[in-house]
Amino acid sequence: MAGKIEAKLAELGIALPPAAKPIANYVPFTVSGKLVVVSGQIPLKDGKVAFTGKLGEGVSVEQGQESCRICFVNVLSQLREAAGGDLDRVKRVLRLGGFIASVPGFTQQAQVMNGASDLCVAVFGDAGRHARTTIGVPVLPGDAATEVEALVELA
Amino acid sequence: MAGKIEAKLAELGIALPPAAKPIANYVPFTVSGKLVVVSGQIPLKDGKVAFTGKLGEGVSVEQGQESCRICFVNVLSQLREAAGGDLDRVKRVLRLGGFIASVPGFTQQAQVMNGASDLCVAVFGDAGRHARTTIGVPVLPGDAATEVEALVELA
Amino acid sequence: MAGKIEAKLAELGIALPPAAKPIANYVPFTVSGKLVVVSGQIPLKDGKVAFTGKLGEGVSVEQGQESCRICFVNVLSQLREAAGGDLDRVKRVLRLGGFIASVPGFTQQAQVMNGASDLCVAVFGDAGRHARTTIGVPVLPGDAATEVEALVELA
């Protein structure tokens, strides 16, 4: 029987992809006690980077939000693995880190990162209300437009 | 009766502002056991961003230090909330993350970030001696000159 | 008698330098329970920054990898201090954060950061398999080419 969070994902029309393999020599998550550290996720979708380039130069705020949303879907896939398949074990999303590839004149990183934060709250409710640090960066691995990392507490 | 840290703040002439509201869909801090994760704080003061722009291009090292100091005052406000109003419960500031909006030729991020670190040690003494990661970034949300996040252990 | 990890370091031909002093007002690591937070390490070697400048502009991928490797050697020095001199107490490297000074057109940050990750896995084996977030940055303190921070669990 599907869990509460899986049911919410279905309601939101989100099918989690298989957890993405890291693009280098590291693992997608580690666990220490109840804490899960999720590696920075880029907007991989169907095997390719869905959004490349920079905000303020070819990537719109709306595209950046969608890019962050995909990053967070990939966070969810990793988190499901970390939780032994049961996302209902997520007690609290403690922190999201948002990295937004930006030209120096682009200042709407907070709005862009909401693409991840809004989905997090939609999926987990109060347990998804997270602390957050969002910054602009000049460029990301693989020319990804955005990257999102997470720190999560399991029950 | 005011606590030890509140007395120290008064001695330093620092009046903590009300904890700033996040500028997007997240919360200013989360708590997991004894750990407090404080969201990245920009130099909000009296409702506006006190320092905008970049180091090496219109923002001086001294202004950057003052900007970091204000960021850390905002960290303190959040931390006081997280600690149920009692900053004496801070056992150790484990880590500060410093993000300094910089032109590519500016390399004094460490000195700038001392604006936050010096205040942290002044306020908390040994409990304020923190690990730290400081980096340059091209631009921050709302064109803030600096941003500071924190990881803190409560007693 | 040397521990298992010290023996592995000797086998790899790595002599850990004395733990580097912070370049500003903070400490090189903090400990909370079993968690160790290691401050961002730049590629200090023999008292100077071994690699300065940016990837994509004078610093090659190979040099960047060597720079990350030196950063991680410095992480190891700090970690040994944190572990009371005994690196065998490292239960798991939970997370590495990699910051790669990059021109906006350079996108191989993941390969560069492998200079740290590969050494981490070579030294610690399965305990060294870490979560990771790697980003490009415009510039780092002291014009360092790379910076690496760590979160580690002790036994």
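## A sheet in chain B

Let's begin with one pair of residues: Leu96(B) has Arg132(B) as its bridge partner in S8(B). Helix H3 of chain B, residues 109-124, packs on the sheet and touches S7, S8 and strand S9 (146-154) of that chain. The direction of H3 makes about 160° with that of S7(B). Strand S7 (residues 90-101) of chain B and S8(B) run parallel, and 7 bridges join them.

The sheet here is an open one of 5 strands, in the order S1-S2-S9-S7-S8 (chain B), with mixed pairing. At its edges are strand S1 (29-32) and strand S8 (131-137) of chain B, each pairing on one side only. On average, neighbouring strands of this sheet are turned by 15° against each other, direction ignored.

## How to read this

This is a predicted model: local features need pLDDT of at least 70, side-chain atom pairs count only at pLDDT 80 or more, and totals for chains, interfaces and linings use all residues. Residues are numbered from 1 along each chain as its sequence is written, while chains are lettered from A and ligands numbered from 1 in the order in which they are written.

Helices (H or I, at least four residues) and strands (E, at least two) are DSSP runs numbered from the N terminus, and two strands pair if DSSP finds at least two bridges between them. Contact means C-beta atoms, placed from the backbone, within 7 Å. Angles run from 0 to 180 degrees between N-to-C directions, with axes fitted to C-alpha atoms, for helices over the stretch in contact.

## The sheet in chain A

In chain A, 5 strands form an open sheet with mixed pairing, in the order S1-S2-S9-S7-S8. Strand S1 (29-32) and strand S8 (131-137) of chain A stand at the edges with a single partner strand each, so one side of each has no neighbour in the sheet.

Strand S2 (residues 35-41) and strand S9 (residues 146-154) of chain A run antiparallel, joined by 5 bridges. Gln41(A) stands opposite Val148(A) in S9(A).

## How the copies relate

Which surfaces do the copies use to meet? Only 8% of the interface residues of chain A are also interface residues in chain C, so the copies meet through different surfaces.

Key:
Contact = placed C-beta atoms within 7 Å.
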